[in-house]
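Here is a short report on one protein chain. Please keep the sequence and the model open while reading.

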Amino acid sequence: MAAALFLTACQDAPEAEPDAAPSTAVASAETEVPTDEPTAPATAFVDERTVEDGDAQFIFKYTWPAKASAIPELRPWLDADRADRYASAKADWESTVEWCPDGAVSCLNAALQKDWKVVTDLPRFLSLSAEVYTYTGGAHGGTVFDAIVWDRAQGRAVKPIDMFVSNEAVDQATTTAFCNELDKARQRKRGGPIKRSDAWSYDCIAPVASSTVILGSSGGERFDKIGFLIPPYKAGSYAEGAYEVTLPITPALMDAVRPEYRRAFIVP
């Protein structure tokens with residue numbers, strides 16, 4: 001997975017100076033919302049860079065979809081996250097290169113890729129999820145997730161889980177159904193029946209603590225689904241990859257929604 005990312009970047013991204021700033025790096029290839037044609041449709045955004053220091057290489061990629069570009073107030077939030085991710089990952093890579101022993105190869109290369117995608121677009125809310133891939137050396141990288149709901153009325157980003165009164169309330173309303181669906185997903189990946197046990201890869205896991213919560217909609221008006229994006233190693237081996245569990249909004253889960261957001265949800 002890491003090798004594929006490095007190969008793609010080596011082929012597609014121009015070189016940047018090692019000290020290039022996130023907003024001005026020579027190797028940055030960006031597709032942005034046009035500024036000279038206000039009526040032109042919004043477009044997806046891609047920032048892809050490669051920084052080299054001798055044999056060492058740091059690859060960075062950050063993307064978001066056209067629907068995110070269509071919200072002017074959302075751009076500064078995404079830009080800030082992009083700059084923070086770049087600065088932090090690049091600083092870690094530079095520090096690692098300094099102490100990397102002669103002859104070692106795995107600690108010379110690093111990568112960070114974050115890709116935002118639309119979960120659902122409602123009249124007031126744009127629900128987004130992101131897959132974040134990080135490589136810092138070794139046999140393979142790691143994948144985690146991120147998610148926000150952009151509130152057009154308030155002009156701010158909200159974490160989906162923060163639209164509920166507490167993590168515990170969500171767990172209480174979803175654990176039984178979550179565990180059953182997770183066992184079904186494990187069975188599909190492993191090709192055989194799942195017998196739940198205390199072994200970590202067969203036991204149930206806490207829904208919120210083990211995942212990133214996302215919110216979806218079937219009808220396009222209100223949220224009627226909750227999703228749990230589970231990274232590798234949380235529910236199974238690395239080879240099994242990530243898991244995703246999706247559940248309908250139930251009356252019990254509706255009771256866990258904060259009062260100020262309750263009108264945005266519906267029991268299907």
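The text below covers confidence, strands, cores, disulfides and one backbone detail.

**Confidence and overall make-up**

This is a predicted model. Average pLDDT over the chain is 87. A score of at least 70 is reached by 85% of the residues. Residues 1-35 are another matter: pLDDT stays under 50 there. The model still has 79 contacts beyond four places in sequence for that stretch. Where pLDDT is low, predicted coordinates should not be read in detail.

The chain has 268 residues, and 45% of them count as buried. Its secondary structure comes to five helices and ten strands. Among contacts with a separation of 6 or more, 55% join residues 24 or more positions apart.

Strand S4 covers residues 109-121 and pairs with strand S3, residues 56-64. That pairing is parallel and runs over seven bridges. Phe60 has Leu112 in S4 as its bridge partner.

S4 also pairs with strand S5, residues 125-135. Here the strands run antiparallel, joined by ten bridges. Lys117 stands opposite Ser129 in S5. S4 and S5 make a hairpin, with three residues between them.

**The sheet S8-S9-S10**

Which strands form the open sheet, and in what order? There are three, in the order S8-S9-S10, with antiparallel pairing. Strand S8 (212-216) and strand S10 (243-248) are the edges. Each has a single partner strand, so one side of each lacks a neighbour in the sheet. On average, neighbouring strands of this sheet are turned by 25 degrees against each other, direction ignored.

S9 spans residues 225-230 and is joined to S10 by six bridges. Within this antiparallel pair, Phe228 stands opposite Val245 in S10. Helix H4, residues 167-190, lies across S9 and S10. The helix runs at about 135 degrees to S10.

The largest nonpolar core has 34 residues. Those with the most contacts inside it are Met163, Phe164, Phe178, Phe223, Ile226 and Phe265. At least two core residues come from each of H4, S8, S9, S10 and helix H5 (251-255). H4 gives the most, with six residues.

Which residues does Met163 touch, not counting those up to four places away in sequence? They are Phe125, Val149, Val158, Leu215, Phe223, Val257, Arg258, Tyr261 and Phe265.

A second, separate core has 27 residues. Trp64, Leu78, Cys100 and Cys107 are included in it.

**Disulfides**

How many disulfides does a search of the whole structure find? There are two. A disulfide is a covalent bond between the sulfur atoms of two cysteines. With the bonded cysteines numbered in sequence order, the pairing is 1-2, 3-4. The table gives the sulfur-sulfur distance, the angle about the S-S bond and the handedness of each link.

| Pair | S-S distance | Angle about S-S bond | Handedness |
|---|---|---|---|
| Cys100 and Cys107 | 1.8 Å | 65 degrees | right-handed |
| Cys179 and Cys204 | 1.7 Å | -80 degrees | left-handed |

The link of Cys179 and Cys204 is left-handed. This pair links distant parts of the chain, 25 residues apart. Cys179 lies in helix H4, and Cys204 lies in the loop between H4 and S8.

Are the cysteines buried or exposed? The cut-off for buried is under 20% relative accessible area. Cys100 has 10% relative accessibility, so Cys100 counts as buried. Cys107 has 9% and is buried too. Cys179 is buried at 4%. Cys204 has a relative accessible area of 19%, and therefore is buried.

**A positive phi at Tyr233**

Most residues other than glycine have a negative phi. Tyr233 has a positive value, near 80 degrees. Where is Tyr233? Tyr233 lies in the loop between S9 and S10. Its relative accessibility is 48%, so Tyr233 counts as partly exposed.

Methods:
Residues numbered from 1 in each chain as written. Predicted model: local features only at pLDDT ≥ 70, side-chain atom pairs only at ≥ 80, totals over all residues. Heavy atoms only, no water. Pairing = 2+ DSSP bridges. Helix = DSSP H or I, 4+ residues; strand = E, 2+ residues; numbered from the N terminus. Axes fitted to C-alpha atoms, helices over the stretch in contact; angles between N-to-C directions. Contact = heavy atoms within 4.5 Å. Core = buried A, V, L, I, M, F, W, Y, C linked by side-chain atoms within 4.5 Å. Buried < 20%, exposed > 50% of the residue type's maximum accessible area, 1.4 Å probe, protein only. pLDDT = per-residue confidence, 0-100. Disulfide = S-S within 2.5 Å.
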